[in-house]
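Let us walk through this structure one step at a time. Keep the sequence and the model side by side as you read.

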Amino acid sequence: LMSAWLRHRHRRTALRRACPGMQSEDERAHRYAAKLLSQAREELNRVDTKASILLAGVGVALGAVAGTIVTKGWSPFRLPLGKALLWWAGAAAISVGSAALLAAVYPRRRRALGGSGGDRDRYFSYYADVAGSRSAAEVAAVAARIRQSAAREFELVAEQLLQVSLIVDRKYSLVRWAMWMLAAGVTCEVAMVLLNAA
């Protein structure tokens, strides 16, 4: 009897997979949320890569400028007032842009969401929940929380999606801000060089 029930359940599961229209609304929602979470994680990797490449480029450029200043014995303190203002405005903008890129690549955990604190003490939705558990040394307690979490898998996937999306949005805002600051800084420095050469 048990084997017949298992065969029937297996056939029903296979049929649902073969015919998405037969899947329940919850199953479709869970599958779609998991797909969105996967896309959000890919976007997180992309924004981290962009920020890292920009930061590396800024580091190389700053190193080259610092090397030129040291070897040529040039100092911005000897510039006339107008050119000095351009120089320091550009340096400040480049510093702010570099700081924004550092903030973008800085590792982030999820932020606290209003009203979810009680649930967070009872459910696991990602690695930090396990790592931050006070009972992490007790395997039985961790296993019990995993069982509780499995019953709310869809809600926890949705929370992960929200958290990762917030992180991606914040990182992209920082990268955009950094690019504008770096562009403004380079413009000021180029203008100063052109005025100095004139």
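Begin with a pair of charged residues. The side chains of Glu43 and Arg46 form a salt bridge, with N to O at 2.6 Å. A salt bridge here is a side-chain nitrogen of Lys or Arg within 4 Å of a carboxyl oxygen of Asp or Glu. Side chains of opposite charge can pair when their charged atoms come close.

This is a predicted model, in which local features need pLDDT of at least 70 and side-chain atom pairs count only at pLDDT 80 or more, while totals for chains, interfaces and linings use all residues. Residues are numbered from 1 along each chain as its sequence is written, and side-chain values use heavy atoms, with hydrogens and water left out.

Where do Glu43 and Arg46 sit relative to each other? They are 3 residues apart in helix α2, so about one helical turn separates them. Helices are DSSP runs of H or I with at least four residues, strands are runs of E with at least two, and both are numbered from the N terminus. An α-helix has 3.6 residues a turn, so residues three or four places apart point the same way. Glu43 has 24% relative accessibility and therefore counts as partly exposed. Arg46, at 41%, is also partly exposed. The cut-offs are these: buried means under 20% relative accessible area, exposed means over 50%, and partly exposed lies in between (1.4 Å probe, protein chains only).

How many salt bridges does a search of the whole structure find? It finds 2. The other pair is Lys171 and Asp48, whose side chains meet at 2.8 Å, N to O. Lys171 is buried, with a relative accessible area of 3%. Asp48 is partly exposed at 25%.

Now step back to the whole protein. It has 7 helices and 0 strands. Of its 198 residues, 27% are buried. Contact means heavy atoms within 4.5 Å. Among contacts with a separation of 6 or more, 75% join residues 24 or more positions apart.

Next, follow helix α3, residues 81-105. Its 25 residues should span 36 Å at 1.5 Å a residue, and its end C-alpha atoms are 36 Å apart, which agrees. The expected span is 1.5 Å times one less than the number of residues. Buried residues of α3 include Trp87, Ile94, Ser98 and Leu101. Their cover includes α2 (25-72) and α7 (153-197).

Look closely at Ser98 in helix α3. Is Ser98 buried or exposed? At 11% relative accessibility, Ser98 counts as buried. Its side chain reaches the backbone oxygen of Ile94 at 2.9 Å. Leaving aside neighbours within four places in sequence, Ser98 is in contact with Leu55, Val58, Leu62 and Leu182.

The protein exposes about 13,300 Å², and carbon and sulfur atoms supply 65% of it. Val186, Val190 and Leu194 make a nonpolar surface patch of about 270 Å². Patches are made of residues with over 30% relative accessible area and no salt bridge; like charges are joined within 9 Å, nonpolar side chains (Val, Leu, Ile, Met, Phe, Trp, Tyr) within 5 Å. Leu194 lies in helix α7. Leu194 counts as exposed, at 58% relative accessibility.

Notes:
Accessible areas come from the Shrake-Rupley method with a 1.4 Å probe; for residues, only the protein chains shown count as cover. A polar contact is a pair of N or O atoms within 3.5 Å; within protein, one must be able to donate a hydrogen and the other to accept it, and residues adjacent in sequence count only if both atoms are side-chain atoms.
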